[in-house]
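Trainee: I am new to this structure. Can we go through some helix packing and the cavity?

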Amino acid sequence: MKRKKLTASIMVLILAVIGMSGCGQSGEAQSSAREERMANNELIVAIGSEPETGFDSTAGSHGAITKIFFSTLFKRDKELGWTTDLATGYQVAPDKLTWTVTLRDDALFTDGTKVKAEDVVYTYETAKNSGADIDLTMIDSMKAVNDITVEFKLTKPYSPFIERLAYLGIIPKHAHDQSFKDNPVGSGPYKLVEWNKGQQVIAVANENYYGEKPKIKRLTMAFLNTDTAFEAVKNGTIDIAAVNGILAERKIPETKVMDIASIECYGVCFPMIANEGKKAKDGAEIGNNVTSDIAVRKALNTAIDREKIVSGILNGYGSVSTTGLEKMPWLNENTILDPSEYGDLRAAKKILVDGGWEDTDNDGIVEKDGQKAEFKLLYTEGVYRQEMALEFVKTADQIGIKVNLEKVTWDTILPEIHKEAVLYGFGSGDPSELYNLYYGRCAGGTVPWDNSGCYNNPSVNQCIDKALNCTDEEEAINYWKELQGYASVKGDAPYCWLVNVNHVYLAAERLSLGKPVVQPHGGRIFDNITEWTWEK
């Protein structure tokens with residue numbers, strides 16, 4: 001009873017301590033509380049926003065939290081290759097339409113029941129029918145052959161299908177009801193024991209877990225914004241929290257900064273065709289008479305000083321990106337820009353002049369055939385996004401292009417998403433993302449931000465078709481590389497890629513995260529949660 005009262009009061013304690021710290025209150029009490037957590041192998045983590053849909057993996061992936069409560073069939077290893085989780089392996093039939101997955105026979109859900117093939121089928125059928133944030137339209141049917149064998153029939157060959165098999169946390173068919181999202185039952189390393197909505201989730205190590213047993217026996221995840229979480233780590237009431245590059249530079253006693261490599265990449269997507277009043281399949285107007293000119297796209301890619309963004313905006317916590325694919329095994333290295341090929345205003349201006357863009361009326365904006373070089377850049381809320389967008393606007397102005405910055409939401413962006421430039425964040429760690437970025441036939445379709453610039457190069461489409469038609473990711477990799485020759489900055493330049501943003505955490509000095517996986521867009525910090533430990 002005492003433990004429950006203490007954990008239920010964590011949020012009150014955090015706010016109280018932050019308030020006292022402004023009055024010079026000593027942190028000795030909180031240091032003692034952290035020492036107690038170390039001794040008991042307990043941890044308090046700030047995880048940002050609370051999952052709106054609860055903890056039902058068939059309704060949403062929930063990013064990093066998926067790996068706390070649920071197991072997936074497969075998972076990415078630390079080199080972005082594939083390894084097994086609930087599955088022991090898979091086979092693809094010669095027709096490339098049938099994928100047979102075998103399961104381990106020692107996995108149990110947290111209610112003690114065995115994980116069976118029927119649970120896998122139920123999970124995928126439910127997700128497919130519920131409109132979850134995963135595209136499963138390539139699945140024609142699925143069935144449990146026996147307790148440890150699942151057969152997936154596809155509508156067409158789809159080589160990156162293993163990525164779909166690594167996305168959904170498997171849930172028990174017998175326990176999935178209206179209350180499941182509030183009281184999830186999974187087969188992951190932890191089980192939920194208490195959810196104080198609006199405040200925190202408390203989990204304990206799953207005694208039935210088939211994998212490496214968690215060293216942290218009690219895990220509390222508090223819902224805090226970045227600034228509040230930073231103060232809470234500083235004062236000892238939280239043990240680890242995500243921070244930005246500015247906060248990371250503050251020297252806090254008994255803490256350390258963890259700078260984790262990321263494939264989270266930011267770039268500006270350009271509308272690729274002229275505006276002729278046409279509309280996409282989703283009903284939104286398409287085309288832009290400025291960005292559809294390759295000279296404009298090439299000039300902006302040449303002008304942007306990406307090193308300046310890394311050192312200034314990211315405070316050094318990131319790296320330059322000119323491809324959107326740095327660190328990926330399927331990167332075509334021939335498409336990378338050399339540092340001498342960007343951050344060059346003079347070269348950018350020459351590209352515009354050679355392309356017929358000149359400032360004939362001396363108003364500071366170049367024009368061509370009566371068309372001023374002016375367009376909008378749309379961006380949404382998020383860490384660093386506004387700052388990166390402002391730098392893009394400033395650089396464009398220096399070469400005679402006027403970019404009007406506009407903050408939007410993912411709802412309000414839709415009417416203009418195909419006719420104005422958009423600042424996006426990407427980085428899933430799967431080559432199928434190239435399909436979403438560049439495939440002509442998905443533009444303006446079901447997902448409006450997939451190829452929102454309506455890029456349509458027949459050579460790129462052909463490469464993607466060939467890649468999808470392969471048996472597996474390994475066979476497809478040459479086609480994924482080939483298409484980059486057309487879709488990169490050195491080709492059609494449908495994007496101006498900017499930077500990879502590292503994921504930065506402020507943590508208690510003695511907390512070890514083991515060797516985290518390379519972080520994708522949105523983060524998967526809990527993927528190696530079983531390695532986390534307090535160092536003696």
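Predicted model: local features only at pLDDT ≥ 70, side-chain atom pairs only at ≥ 80, totals over all residues.

Trainee: How are H14 and H15 oriented to each other?

Mentor: Helix H14 covers residues 458-468 and helix H15 covers residues 473-487. They pack at an angle of about 170°, with axes 8 Å apart. Angles over 145 degrees count as roughly antiparallel. H14 and H15 are therefore roughly antiparallel.

Trainee: What is the orientation of H10 to H12?

Mentor: Helix H10 (residues 306-313) packs on helix H12 (residues 385-398) at about 140°, with their axes 11 Å apart. H10 passes H12 in a right-handed crossing. Roughly antiparallel needs an angle over 145 degrees, and roughly perpendicular runs from 65 to 115. That angle therefore makes H10 oblique to H12.

Trainee: How many charged residues are in the contact of H10 with H12?

Mentor: Lys308, Ile309 and Ile313 of H10 meet Glu387, Met388, Glu391 and Lys394 of H12. By class, 3 are nonpolar and none is polar. The charged count is 4.

Trainee: Which elements give two or more residues to the lining of the largest cavity?

Mentor: The largest cavity has a volume of about 50 Å³. Its lining includes Leu434, Tyr438, Gln484, Ala487 and Ser488. The lining divides into 4 nonpolar, 4 polar and no charged residues. The elements are helix H13 (433-438) and H15.

How values were computed. Residues numbered from 1 in each chain as written. Heavy atoms only, no water. Axes fitted to C-alpha atoms, helices over the stretch in contact; angles between N-to-C directions. Helix = DSSP H or I, 4+ residues; strand = E, 2+ residues; numbered from the N terminus. Parallel < 35°, antiparallel > 145°, perpendicular 65-115°, else oblique. Left-handed = near helix turned anticlockwise from the far one by under 90°. Contact = heavy atoms within 4.5 Å. Nonpolar A, V, L, I, M, F, W, Y, C, P; charged D, E, K, R; others polar. 1 Å grid on protein atoms, 1.4 Å probe; cavity = no way out; pocket = protein on both sides within 12 Å on 5 of 7 lines; lining within 4 Å. Points joined across faces, edges and corners; volume = space filled by probe spheres on them.
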